[in-house]
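Thank you all for coming.

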Amino acid sequence: MRDVTLGSTGITVPQNGFGALPLQRIGEVEAVALVRAAFSGGMRYFDTARAYSNSEHRVGLALEGVRERAFVATKTMARTPEAFWADLEKSLAELRTDYIDVHQFHCVDQAYAPGDGTGMYECMQEAKAQGKVRHIGVTAHKLEVAFDCVRSGLYEVLQFPLSYLSGPRERELVEECRRANVGFVAMKGLAGGLIADSRAAMAFMSQFDNVLPIWGVQRESELAEWLSYMDDTPSMDEGLHAFVERERVELAGDFCRGCGYCMPCPQGIVINQCARMALMLRRAPSSAWLTEQWQRAMEDTRRCTECRACTARCPYDLDVPSLLRKNRQDYERVLAAGGA
């Protein structure tokens with residue numbers, strides 16, 4: 001497996017990063033063991049966030065004793081200087097460290113800049129001057145905001161969704177980062193669970209020598225797959241290329257990535273699963289989605305009042321109420337047919 005250097009940061013790690021969001025869904029002992037196994041297996045870049053409940057705490061526990069040999073990235077959803085400093089101190093405490101390798105503004109709607117009136121970028125500059133932050137990063141879901149961040153020259157690392165379902169504009173963003181010497185960290189390499197073939201996902205990423213994918217890991221079996229690619233890194237051969245092209249055709253058009261930024265729904269609808277239920281039925285064993293729990297969840301979509309709070313928050317500008325209706329209708333057809 002090749003090493004990737006994140007732009008101008010000098011951070012050089014295997015092209016196989018650990019996404020720590022799923023750690024909050026499992027027990028602490030299991031989570032700590034998973035991170036330690038990832039480090040032992042050769043992973044060196046660990047990405048978490050203040051918003052991921054106990055994830056920072058678990059990463060901090062796991063990396064005690066090897067902190068200087070790992071690179072830790074975290075994020076803040078703060079939108080005021082006061083909240084920024086509170087988040088930073090909490091992150092440092094939870095991570096059991098006195099510095100963060102890459103600190104990122106989380107899911108921004110604008111490219112923060114000095115003098116823009118928010119004071120946010122100045123906070124990052126001061127934190128870096130104090131040695132608490134080594135490199136300034138940003139995560140975005142809106143494509144034009146991501147381009148603005150890169151072109152500003154103010155950010156050393158950009159984190160953005162990238163998978164083999166991404167379009168030409170996303171690949172242009174990768175090249176924009178290369179030209180600007182900005183590190184590119186790829187999140188959602190499995191498109192929120194729509195991609196099931198990890199070998200194809202890794203082969204796609206390995207085409208880019210400036211992209212560091214972070215894989216959300218929740219189970220030992222998942223980690224074992226990613227670690228197996230350390231010595232046997234797949235390449236985009238003819239077979240995998242044909243497979244990826246078929247996948248792109250099947251998933252062409254607007255679809256929910258399951259990011260959850262539309263939530264919470266005032267009516268209690270589980271939007272980030274119900275708005276893509278038709279795809280999940282066909283790309284995973286349908287029995288898992290035809291349980292009484294998910295039948296109730298899909299029935300709940302009838303409560304949608306089309307207040308459009310979800311559409312205002314959706315980073316992909318999807319017509320969420322329409323997607324909910326279409327997915328419920330499809331779900332009901334599958335249910336009536338006995339899961340076929």
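Before I give any surface figure, let me say that accessible areas here come from the Shrake-Rupley method with a 1.4 Å probe. Please also keep in mind throughout that what you see is a predicted model.

With that in hand, the chain exposes about 14,500 Å², and carbon and sulfur atoms supply 49% of that area. As for the charges, there are 39 positive and 45 negative ones, and their mean positions lie 3 Å apart.

Turning to the overall build, the chain contains 14 helices and 10 strands. Its radius of gyration is 20 Å, close to the 20 Å that the globule rule gives for 340 residues, so the chain is as compact as a globular protein of that length. Taken along the principal axes, the C-alpha atoms fill a box of roughly 60 × 45 × 40 Å. If we consider the contacts with a separation of 6 or more, 73% of them are between residues 24 or more positions apart.

How much of the chain is buried? Buried residues make up 53% of the 340. In soluble globular proteins, nonpolar side chains tend to be buried together. Here the largest nonpolar core has 101 residues, and those with the most contacts inside it are Phe105, Leu158 and Phe184. Leaving aside residues up to four places away in sequence, Phe184 touches, among others, Leu6, Leu158, Phe160, Leu173 and Leu212. Apart from that core lies another, of 11 residues, including Tyr45, Ala73, Met187 and Ile214.

Notes: Residues are numbered from 1 along each chain as its sequence is written. This is a predicted model: local features need pLDDT of at least 70, side-chain atom pairs count only at pLDDT 80 or more; totals for chains, interfaces and linings use all residues. Side-chain values use heavy atoms; hydrogens and water are left out. Helices (H or I, at least four residues) and strands (E, at least two) are DSSP runs, numbered from the N terminus. The radius of gyration is taken over C-alpha atoms; the globule rule is 2.2 Å times the number of residues to the power 0.38. Buried means under 20% relative accessible area, exposed over 50%, partly exposed in between (1.4 Å probe, protein chains only). Contact means heavy atoms within 4.5 Å. Lys and Arg count as positive and Asp and Glu as negative; His and the chain ends are not counted. The place of a charge is taken as NZ of Lys, CZ of Arg, CG of Asp or CD of Glu. A nonpolar core is a set of buried Ala, Val, Leu, Ile, Met, Phe, Trp, Tyr and Cys residues joined through side-chain atoms within 4.5 Å.
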